[in-house]
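Subject: Structure for you, with notes

Hi,

Here is the structure for you to look through. Please open it first, then read the notes below.

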Amino acid sequence: MSTTSTDVPMHDMIKPLSWLLGSWKSEEATGVYPTIKTFQYDDLVEFSHVGQPMINVSFIAKIGDMMKHRESAFLRFQPNTSNIAYIASHNFGIVELSEGTYTESSIHLESHTIGRMSFGKEPQVTKIVRDIKLLNPDTLEQTVSMATNKTPMTKHLYVKYKKQ
């Protein structure tokens with residue numbers, strides 16, 4: 001039997017970000033970058049917990065029926081602060097360790113470590129900045145900016161989600 005967010009009590013540490021919990025589906029999602037053609041896509045993100053002091057995160061991005069990006073992650077909280085860490089594995093071969101802060105309606109994260117598989121293709125991601133904002137109880141916004149070894153920090157993704 002799988003354990004879901006409703007099966008176990010919520011850990012006190014994650015309560016300030018309980019607004020994240022649940023499934024969110026994109027109503028608008030755009031990818032841009034100087035080295036690629038602008039694209040529209042569908043994104044689904046699931047935030048859940050299993051009673052521990054962290055939030056589990058899963059992103060699935062598709063264009064039509066084709067899976068384009070997958071990300072599995074955890075949001076970990078530093079006790080007695082508004083500091084948060086994002087530990088993520090991306091299906092294209094990087095792992096991301098970002099840290100930042102949260103408020104009652106937003107999260108700001110900046111990577112300090114990007115690990116990369118040895119046979120990953122160019123260009124190499126060197127930094128990721130992620131901002132997540134609750135616009136209203138049913139609308140979430142995420143902006144992701146990215147730098148590579150060939151391109152300075154540039155806005156890459158914008159997504160507006162509706163809670164499912």
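In which strand is Tyr161 found? Tyr161 is found in strand S11. Strands here are DSSP runs of E with at least two residues, and helices are runs of H or I with at least four; both are numbered from the N terminus.

Two points on reading the notes. This is a predicted model, so local features need pLDDT of at least 70 and side-chain atom pairs count only at pLDDT 80 or more, while totals for chains, interfaces and linings use all residues. Residues are numbered from 1 along each chain as its sequence is written, and side-chain values use heavy atoms, with hydrogens and water left out.

Start with Tyr161. Is Tyr161 buried or exposed? Tyr161 is buried, because its relative accessible area is 1%. Buried means under 20% relative accessible area, exposed means over 50%, and partly exposed is in between (1.4 Å probe, protein chains only).

Leaving out residues up to four places away in sequence, Tyr161 touches Trp24, Lys25, Ser26, Glu27, Asp43, Val45, Phe59, Asp138, Thr139, Leu140 and Gln142. Contact means heavy atoms within 4.5 Å.

Find Ser26 in that list. Ser26 and Tyr161 are 135 residues apart along the chain, yet their C-alpha atoms are separated by 4.1 Å. Ser26 is found in strand S1, residues 22–33. Ser26 counts as buried because its relative accessibility is 10%. Ser26 is in contact with Tyr41, Asp42, Asp43, Val159, Lys160 and Tyr161, leaving aside neighbours within four places in sequence.

Now look at Asp43. A polar contact of 2.5 Å joins the side chains of Asp43 and Tyr161. The backbone nitrogen of Asp43 also lies 2.8 Å from a polar atom of the Ser26 side chain. A polar contact is a pair of N or O atoms within 3.5 Å; within protein, one must be able to donate a hydrogen and the other to accept it, and residues adjacent in sequence count only if both atoms are side-chain atoms.

**Strands S9, S10 and S11**

Next, S10, which covers residues 139–148. Nine of the 10 residues of S10 are buried, so S10 is largely enclosed by the rest of the structure.

S10 pairs with S9 in the antiparallel sense over 10 bridges. Two strands pair if DSSP finds at least two bridges between them. Asn136 has Thr139 in S10 as its bridge partner. A hairpin through two residues joins S9 to S10.

S10 is also joined to S11. Eight bridges link S10 and S11, which run antiparallel. Here Gln142 has Val159 in S11 as its bridge partner. The hairpin from S10 to S11 goes through five residues.

**The pocket**

How many residues line the largest pocket? The lining has 34 residues, and Lys68, His69, Phe92, Met146 and His156 lie nearest the pocket centre. About 970 Å³ of space lies in this pocket. A pocket is found on a 1 Å grid over the protein atoms alone: it is an open set of points where a 1.4 Å probe fits, with protein on both sides within 12 Å along at least five of seven lines, and lining residues have an atom within 4 Å of a point. Grid points are joined across faces, edges and corners, and a volume is the space filled by probe spheres set on the points.

The lining divides into 18 nonpolar, nine polar and seven charged residues. Ala, Val, Leu, Ile, Met, Phe, Trp, Tyr, Cys and Pro count as nonpolar, Asp, Glu, Lys and Arg as charged, and the others, Gly among them, as polar. S9, S10 and S11 are among the strands that each supply at least two lining residues.

His156 is found in strand S11. His156 counts as buried, because its relative accessibility is 14%. Met146 and Val144 are among the residues that His156 touches.

**Turns and loops**

Eight bridges join S6 to S7, which run antiparallel. Seven bridges join S5 to S6, also antiparallel. Leu75 stands opposite Tyr86 in S6. The S5 and S6 hairpin has five residues between its strands, and Asn80 in the turn has a positive phi of about 60°. Asn80 is exposed, because its relative accessible area is 83%.

Last, a cis peptide bond joins Glu122 and Pro123, with omega about -5°. Pro123 is found in the loop between S8 and S9.

Best wishes
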